[in-house]
Amino acid sequence: MPKNQFIDPQQVKKPDFISFGKIPVNQYSKTIAEEKNNFTTSDFMRIYRDMVIIREFETMLNLIKTRGEYQGLHYDHPGPAHLSAGQEAAAVGMAYNLTIDDMIFGSHRSHGEILAKGLSAIYQLDDSLLQLIMESFFHGSILKVVEKAPVRHMKDLAVYFLLYGTLAEIFARENGFNKGLGGSMHAFFTPFGVYPNNAIVGGSGDIAVGAALFKKVNLKNGIVVANIGDASMGCGPVWEGITFSAMDQFKKLWEGKYNGGLPIIFNFMNNQYGMGGQTCGETMGYGILARVGAGVNPEMMHAERVDGYNPLAVIDAFKRKKKILEDKNGPVLLDTLTYRFSGHSPSDASSYRSKEELHAWEKVDSLITFRKQLVENNIATENELDAVVKTIEQQIKLVYQWSIDDSISPRLDLAANPRAIEDMMFSNMSIDKMESKEPEVLMKLEDNPRVKQLATKERFAFDTQGKSISKIKQFHLRDGIFEAIIDRFYKDPTLVAYGEENRDWGGAFAVYRGLTESLPYNRLFNSPISEGAIVGTAIGYGMAGGRVIAEIMYCDFLGRSGDEVFNQLPKWQAMSGNLIKMPVVIRVSIGSKYGAQHSQDWTALTAHIPGLKVVFPVTPYDAKGLMNSALQGTDPVIFFESQRIYDVGEQFHKGGVPKEYYEIPIGEPDVKREGKDVTLLSVGATLYVALKAADILKEQYNLEAEIIDARSLVPFHYEKVIASVKKTGRILLTSDASERGSVLKDFAQNITELAFDYLDAPPVVVGSRNWIVPAYEMEQFFFPQPSWILDALHERILPLPGHRIQNNFTSSEKILRSKKGV
């Protein structure tokens, strides 16, 4: 879209060939003897110790799952345990040179990576900082347990802290790193740079990119590593994450200190299986996974295959690749070749692979081969290495004892405190800005051309005589959203916004028109058409500490970001034990006129998912106030907008839309017109349909309808609605969403239960038809019309004298449609 990048047909039409360079495969060949200048004896021993810790930890879990005991101590663990025995060298090598400024994200099989990164952090941190971390984390609850360990040194105590916090989390104990709410597949510990592991295959593929984006935009130290499996190469979040990370604009359009590639390594822990599918030779076609990097960008993602059974080879690769990222030449793809000895999980009998193959890999087990080299090169004796193993076995046993003892490691007491989990679903904080530095902008706010233009607009739709002001002179709904957003850009230096057409174009519906003039590329930019990555990177950006607005151009495109919206964004605050905040606003525009795949209202899908706040303002006053609240908070908000009414003026708030900052509490409905005979509760743009119906009721039947605009779907405060029902005794609910399964049904059920004694008739729902959305010319037969509301009211609630029915809302019709599934 940038005009300065001219696409010359004479150039792009020239005949040519694309040449690919060489991708290194298992090129590291140094021996321990050759590496003695780069590693001390202590270094070599630390590498071995860390691998043994991971192996024994995973062995313990495997024995518990398969035999119900470890070292004579019995325990039943019904939860998951996807083990990484065999992959120790890959994990330890990955973490060896990473600092606490470096973030790792993982998969469902990431116990080893958690421990490796934690052990590396412990080695690097001084005792005073380790003490501070352990004392401050959850008020020292983990430290109070591990202080009983038989140690004399702070770093040894920190190892117990790491092992216990991880195992207690796996066993769903309150002393776990995430209060037992993350478990085996979601455990993490951010003070050591260990960010969430992900139970969804490839789930970290785009989230980690968002964390790298945060580092780049906010000039933070460190890199990001996405540790994902080889089978995730078949997953959308990974491909979209790679595409996003390799955007040309980072090197061609972003300027100054922001110019350069994202600091991210896609580290494929290539154990050569995805559950029971063999990736090489069966479910994939790449032959060697590193090949994939060749097609992504001219640098081929600096792709390389490294022998993940040699910890020194992995250390070497990560050292070189980290330098590439520090030189702003990312992203990087690493194909870390490894192998898992256990099945996908302990219940997996590995019937899809031969015993000969398993034994062949066991013969080159890194714990055996590396140990042998240590002895052969006089780094350690067999007795010294045996002592290391014995010490670790004792450590793991003690940690295991603590973790299964209910008196030491209780679970969240949901009997005593039934609200313990629900209190962690949202953080409900109010924060002006996520960091205290000055926001980077290109001009003063008052000099922005659109801000100047809006200063001349009429902020109320009617003049003093009650006559409608010309629409072109009015302050519109899109202006209210813009005003809240640009205000926050001048407050919060971490705020970024992106989507498919955000810069230059100004957004498909002109909400962002004027932002380009005020913001550099690193704060407002266009993304690929990758809805999954748009939301996934926003999650990672928020998780890392920033505030972000991501735009989904049409509500119908939510399906393309389904996992990110439904399975990632809502869950991480609670799964972290409410440690992580998620200041992410997803703008979603609900269309019309464009038929079945561009005109759907999917508000019910998002409202159904615990952990999301959902709003749908339909007036300029509400749009500005609710966007201000969304951007002031620390929770994920799905912010629905209707394309039909972007140009509507403010008709209800008598003072018009204030120029000053204000907030509307999320969850609070608003009475738009008072009445005494029937309540009309609307969601979305049908507010204006309900107004027309109310006018007819008044003019033709002398009935006064009270009209309430829901404004928010989650949370929702019922008090105003119940008070209205007590007054009118009747309620009809309407929205543009298809009626079946809509949020109106949930509202109607709750209203029935809460106001049953005051209702003269059951609540009636008037939604759109359960069809595909037809062409614009037939939309009046699909979306609720004023006549629908009148007909439903007449048939189901209150007979209207002399009313002529146009639409069938009888019980028999309702039964028939249900039988037909429409």
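**Note on selected local features**

1. Pro-715 sits in the loop that runs between strand S19 (712-714) and helix H25 (719-728); helices (H or I, at least four residues) and strands (E, at least two) are DSSP runs, numbered from the N terminus. The peptide bond leading from Val-714 into Pro-715 is cis, with omega near -5°. The model is predicted, and local features need pLDDT of at least 70, side-chain atom pairs count only at pLDDT 80 or more, while totals for chains, interfaces and linings use all residues. Residues are numbered from 1 along each chain as its sequence is written, and side-chain values use heavy atoms, with hydrogens and water left out.

2. A cis peptide bond is also found from Gly-330 to Pro-331, where omega is near 5°. Pro-331 belongs to the loop between helix H12 (311-326) and strand S9 (332-337).

3. Positive phi values deserve a check at two non-glycine residues, as follows. Asn-26, in the loop between helix H1 (9-12) and H2, has a phi of about 50°. Asn-26 counts as partly exposed because its relative accessibility is 35% (buried means under 20% relative accessible area, exposed over 50%, partly exposed in between, with a 1.4 Å probe and protein chains only). His-139 has phi near 55° and lies in the loop between helix H6 (127-136) and helix H7 (141-146). With a relative accessible area of 71%, His-139 is exposed.

4. Glu-35 is part of helix H2 (residues 32-35). Glu-35 is buried yet forms no salt bridge (a side-chain nitrogen of Lys or Arg within 4 Å of a carboxyl oxygen of Asp or Glu). The nearest side chain of opposite charge belongs to Lys-30, 4.5 Å away; Lys and Arg count as positive, Asp and Glu as negative, and His and the chain ends are not counted. Residues up to four places away in sequence aside, Glu-35 touches Tyr-28, Lys-30, Phe-44 and Leu-312, contact meaning heavy atoms within 4.5 Å.

5. Pro-520 occupies the loop between helix H18 (515-518) and strand S11 (524-526). Its relative accessibility is 10%, so Pro-520 counts as buried. Beyond its neighbours within four places in sequence, Pro-520 is in contact with Glu-440, Val-441, Leu-442 and Arg-503. The C-alpha atoms of Pro-520 and Asp-335 are separated by 35 Å, and these residues are 185 residues apart along the chain.

6. Helix H10 (residues 236-245) is mostly covered, with 7 of its 10 residues buried. Among them are Val-238, Glu-240, Ile-242 and Phe-244. Phe-781, in the loop between strand S21 (764-768) and helix H27 (786-797), counts as exposed because its relative accessibility is 51%.
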